[in-house]
There are 2 protein chains.
Amino acid sequence: MKARSGEAQASERVDPFSICRISSSVKELDKSGVLFMEGDPAQHVYVVKSGLCFSFRYHEDGRRQIIDLAFPGDFVGLEALTQEQFVSGLSALTPAELVAYPVDDFTQRCYAEAALSRTLVECIAREQVILTKRLVGVAHSSASQRIAHFLLEVRVRALTASELHPVGAGAENHCLLSDCGAFTLNLPQAVIADTLGLSIVHVSRTLSKLKDDGLIEDSPAGLRYMNVDGLKAVAQWEGLAPWFEAS
Amino acid sequence: MKARSGEAQASERVDPFSICRISSSVKELDKSGVLFMEGDPAQHVYVVKSGLCFSFRYHEDGRRQIIDLAFPGDFVGLEALTQEQFVSGLSALTPAELVAYPVDDFTQRCYAEAALSRTLVECIAREQVILTKRLVGVAHSSASQRIAHFLLEVRVRALTASELHPVGAGAENHCLLSDCGAFTLNLPQAVIADTLGLSIVHVSRTLSKLKDDGLIEDSPAGLRYMNVDGLKAVAQWEGLAPWFEAS
DNA sequence: CGTAGCCTTGACCGACGTCAATGATGGTGG
DNA sequence: CCACCATCATTGACGTCGGTCAAGGCTACG
């Protein structure tokens with residue numbers, strides 16, 4: 001088997017649940033529940049089993065920066081592998097389940113099975129690419145670009161996640177919903193704002209503009225994507241990352 | 001040996017050169033030389049042996065985002081492990097040497113030696129923490145905060161790197177210089193601007209303000225840090241990361 | 001001496017934040 | 001069924017941070 005996954009399709013992604021043979025327990029979170037906070041002792045590594053979560057940090061001035069969303073199948077709290085304390089918190093946007101693996105077991109297993117290390121490296125590398133993209137975006141893009149990009153990113157990741165983990169996706173119930181043809185997203189604007197480093201007010205204004213342009217629309221279920229290609233144009237979309245399907 | 005490194009001092013950091021047993025070659029770069037560009041086929045993983053490098057990406061509008069500086073001892077181009085192409089370019093700020101390891105050898109060795117995988121995971125995780133910090137900073141801080149933070153970050157990383165790799169540090173010659181007591185930094189303002197997502201003009205203005213406040217000073221060798229504590233106050237400095245010495 | 005980098009400074013302007021008021025929605029208890 | 005409150009979204013007025021443009025200075029180098 002070839003180790004490099006550059007040419008991998010989404011369907012070939014390693015399955016994070018493959019590590020389930022090691023001792024594990026499941027944590028359940030309510031909506032807005034907090035699994036751990038920045039600074040908490042880091043004794044477990046987690047995989048999101050169902051629901052939608054996000055990792056975040058607080059800035060000294062009290063503002064929250066959302067580092068990344070975490071979809072079913074995503075690793076979370078990997079900092080535990082290299083540090084005593086979490087450097088970011090983790091909270092849930094919807095009721096969620098996470099599988100917890102004690103760091104020590106996990107580490108030992110890494111030593112025992114190079115393939116697991118490998119999986120890990122790939123997961124982290126994937127995450128890193130998303131982060132650098134976001135970094136470039138936050139630094140250099142206008143609010144509408146950032147927001148359009150964010151909307152597209154969430155869509156792709158949600159679709160990918162639900163393909164891979166149709167069972168426990170769960171996020172559809174509350175936040176995401178891919179109905180006939182059109183994708184619909186229901187997130188508090190505060191989440192978008194804190195992810196992209198914008199104010200809620202400006203997010204609202206920018207979304208209104210996107211609505212005026214017919215790219216999205218309000219619906220009872222949330223934001224409805226009316227014109228994905230239009231969004232891509234605004235976002236100057238180049239795809240999320242090589243290993244995600246273009247779609 | 002305990003695998004977790006949260007409690008590690010700088011002196012206990014894993015030595016990236018420990019992988020030198022696998023086939024490798026040294027690449028030399030001139031000042032401003034480019035090792036690879038975004039999109040190039042990724043066939044090697046590198047470790048900076050001497051000099052100062054940086055990884056970057058171009059935004060669609062042509063602006064350059066510097067992702068991170070790379071000091072002697074730092075891994076570079078780790079994307080090669082998981083992707084066919086580099087997602088960022090790498091260039092040198094000073095004449096530099098980099099050790100190149102073919103990905104395939106590297107990968108095989110990862111399978112053979114879990115400890116190497118482990119080292120890798122730690123390096124990437126470390127990098128990730130820096131990235132998330134930068135993300136928070138770029139999104140929520142004022143120019144003077146960002147710049148002060150950047151100055152401090154470079155100082156710590158340069159000091160750490162030169163402790164670990166006193167031989168091949170090399171960066172001192174051109175960019176960094178820790179003379180009697182005061183640290184001195186000589187970087188083009190364009191580098192600071194592109195790292196922090198600011199315009200050169202504004203970097204200049206902000207540095208002038210810091211000079212007015214007596215925190216830094218021009219010197220023939222570059223910027224001289226006159227008041228590190230003052231800088232820390234401006235930057236709301238909380239340390240770079242747990243594994244770096246406070247200093 | 002002329003040219004090329006790099007830095008500085010001023011004038012101007014736009015994007016985005018803040019503050020504040022107003023609506024919509026939905027859950028809870030009377 | 002309605003009153004009440006909490007949460008979230010919208011909208012306007014206004015200020016500011018930082019970008020852009022343009023001009024000029026300083027060194028280094030041929």
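**View 1. The residues of the surface near DNA strand C divide into six nonpolar, seven polar and four charged.** Here a residue is near the strand if one of its heavy atoms lies within 4 Å of it; Ala, Val, Leu, Ile, Met, Phe, Trp, Tyr, Cys and Pro count as nonpolar, Asp, Glu, Lys and Arg as charged, and the others, Gly among them, as polar. This is a predicted model, in which local features need pLDDT of at least 70 and side-chain atom pairs count only at pLDDT 80 or more, while totals for chains, interfaces and linings use all residues. Residues are numbered from 1 along each chain as its sequence is written, chains are lettered from A in the order in which they are written, and side-chain values use heavy atoms, with hydrogens and water left out.

**View 2. Polar atoms of both protein chains lie beside DNA strand C.** A base oxygen, in turn, is 3.1 Å from an N or O atom in the side chain of Arg205(A).

**View 3. Arg134(B) sits in helix H2 (residues 114-140) of chain B.** At 7% relative accessibility this residue counts as buried, a term for under 20% relative accessible area (1.4 Å probe, protein chains only). Leaving aside residues up to four places away in sequence, Arg134(B) touches several residues, including Leu135(A), Phe150(B) and Glu153(B), where contact means heavy atoms within 4.5 Å. A polar atom of the Arg134(B) side chain lies 3.3 Å from the backbone oxygen of Ile67(B).

Methods: Helix = DSSP H or I, 4+ residues; strand = E, 2+ residues; numbered from the N terminus. Buried < 20%, exposed > 50% of the residue type's maximum accessible area, 1.4 Å probe, protein only. Polar contact = N/O pair within 3.5 Å; in protein donor to acceptor, adjacent residues only side chain to side chain.
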